[in-house]
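I opened my notebook to go through this structure one topic at a time. Here is what I looked up, in the order I looked.

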Amino acid sequence: MSEMASTDPEGIDGIRMTWNNWPRSKLEASKCVIPIAASISPIRPHPDIPTLPYSPLRCKTCVCILNPFSRVDFAAKIWICPFCFQRNHFPHHYAMISETNVPAELYPQYTTVEYSLSAPTTPESAAYAPPPPPVFLFVLDTCVLEEELGFVKSAIKQAIGLLPDNALVGFVSFGTQVQVHELGFSDMSKVYVFRGSKDITKEQVLDQLGLSVAGQRAAGGFHKGVQSGVLANSGINRFLLPASDCEYTLDSLLDELQADQWPVQPGNRALRCTGVALNVAAGLLGACLPGTGARIVALVGGPCTEGPGTVKLLVLLICYCPFFVIIFNSFIQLLRTYTMQTDTRHGP
């Protein structure tokens, strides 16, 4: 177990916790310098993840998928959802299920599986819209040295060049404040700024970005979904554009981007509002692609010292060694693997 933790700390599920032990009381939780959180990578590749050639079986109440933690009554052909405890009947093609003959999604070692949904299996699935393109929202920390920022900007440009042409790309930078960059306005640099010291709600984020219900009505309505692989809402296309359309805009934006200019007192860390930046990024994706998976690529050069998720030690006690450029290289390798897999599936 220790050997597995050292070679692959995220495991087959792609989950990494900030702490190895869970606090036993509120007092212990309040003493944690680093907040309790989990980093989850749903589309992280792993050789032990199986691919099932059929549609998942969902709970009729909470839409949870059948998994190894579900309770199964093999005699009555019923499974109980572990989230809402709803009793669900197995469909007819599960009639041969038994204690010695179970589907792959009930295997204890298969806590993460992938489903291949290339062709519709039911009239309901045939009526669904085509799958949306992959989405990558880059969240860049500017509270670093100019030399380090230059390295990571070069890496981002390389990563964007490896993305599929139809992949949607967005960009958020942060330091003491959060800046959401509007890529659809290429004539000049247009930025929406959020205070890093204040915890903001999703509604406030959407309202300031012009993506709230009132803003959408004023602009002529809000059309959900994706048509022909392209988002129908022109307001959303201000922030998420295909990689082939925004590559030049992003290159120009990265060339002009500078390190955070907020003054830092001697002996203290820079004010870095990582929590607010991730909150804004999640709210933006939630409005742009509701119910659709996306990846937030957070490039962080140090601990959060401003706003939600602040680490209590603001004074710089030890020398921090930046490492996010090294970590970003693994993301570039992932993009290369994804591109090769996409070319293999679609063929020439």
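**Overall make-up**

I began with the secondary structure, and the protein chain came out with nine helices and 15 strands. I kept in mind throughout that this is a predicted model.

Next I looked up burial: of the 348 residues in the protein chain, 36% are buried.

**Helix α5**

Which residues of helix α5 are buried? I noted V205, L206 and L209, within a helix that runs over residues 202-209. These three lie on the same side of α5, because they cover an arc of only 95 degrees around the axis. I jotted a reminder beside this: an α-helix has 3.6 residues a turn, so residues three or four places apart point the same way.

I checked the other side of α5 too, and there E203 and D207 are exposed.

What covers the buried residues of α5? My list includes strands β10 (177-181) and β11 (191-195), along with helix α8 (274-288).

I also looked just past the end of α5, where G210 takes a positive phi of about 80 degrees.

**Cysteines**

How many disulfides are there? I counted zero, the rule being a pair of cysteine sulfur atoms within 2.5 Å. I followed up on C62, whose nearest cysteine sulfur, that of C81, is 3.4 Å away, so C62 is in no disulfide by that cut-off. From the other end, C81 is likewise in no disulfide, with the sulfur of C62 as its nearest at 3.4 Å.

Are these two cysteines buried or exposed? C62 has 33% relative accessibility and counts as partly exposed, whereas C81 is buried at 0%.

**Salt bridges**

I found five salt bridges in the structure, and I wrote up several of them.

I took D141 and R272 to start with; their closest N and O atoms are 2.4 Å apart. The pair links distant parts of the chain, with D141 in strand β8 (residues 135-141) and R272 in the loop between α7 (243-256) and α8, 131 residues apart. I looked up burial for both partners: D141 is buried with a relative accessible area of 0%, and R272 counts as buried at 5%.

Then I went to D255, which forms a salt bridge with K157, the closest N and O atoms again lying 2.4 Å apart. Where do the partners sit in the chain? D255 is in helix α7 and K157 is in helix α4 (residues 146-162), so I logged a link between distant parts of the chain, 98 residues apart. Here D255 counts as exposed at 52% relative accessibility, while K157 counts as partly exposed at 28%.

My next pair was E182 and K190, whose side chains meet in a salt bridge at 3.9 Å, N to O. E182 counts as buried at 7% relative accessibility, and K190 is partly exposed at 34%.

**A nonpolar surface patch**

I searched the surface for nonpolar side chains and found a patch formed by I15, M17, W19, W22, V33, I34, I36 and I40. Together they have about 750 Å² of accessible area.

I40 lies in strand β2 (residues 38-40), and its relative accessible area of 54% makes it exposed.

**Around T51**

My last entry is on T51, which I placed in strand β3 (residues 51-52). I looked up its separation from Y115, which is 64 residues away along the chain, and the C-alpha atoms are separated by 5.5 Å.

Which residues does T51 touch, not counting those up to four places away in sequence? I found E114 and S116.

Conventions
Residues numbered from 1 in each chain as written. Predicted model: local features only at pLDDT ≥ 70, side-chain atom pairs only at ≥ 80, totals over all residues. Heavy atoms only, no water. Buried < 20%, exposed > 50% of the residue type's maximum accessible area, 1.4 Å probe, protein only. Helix = DSSP H or I, 4+ residues; strand = E, 2+ residues; numbered from the N terminus. Arc of directions from axis to C-beta. Contact = heavy atoms within 4.5 Å. Salt bridge = Lys/Arg side-chain N within 4 Å of Asp/Glu carboxyl O. Patch = residues over 30% accessible without salt bridge, like charges linked within 9 Å, V, L, I, M, F, W, Y side chains within 5 Å. Areas by Shrake-Rupley, 256 points an atom, 1.4 Å probe, with all protein chains shown as cover.
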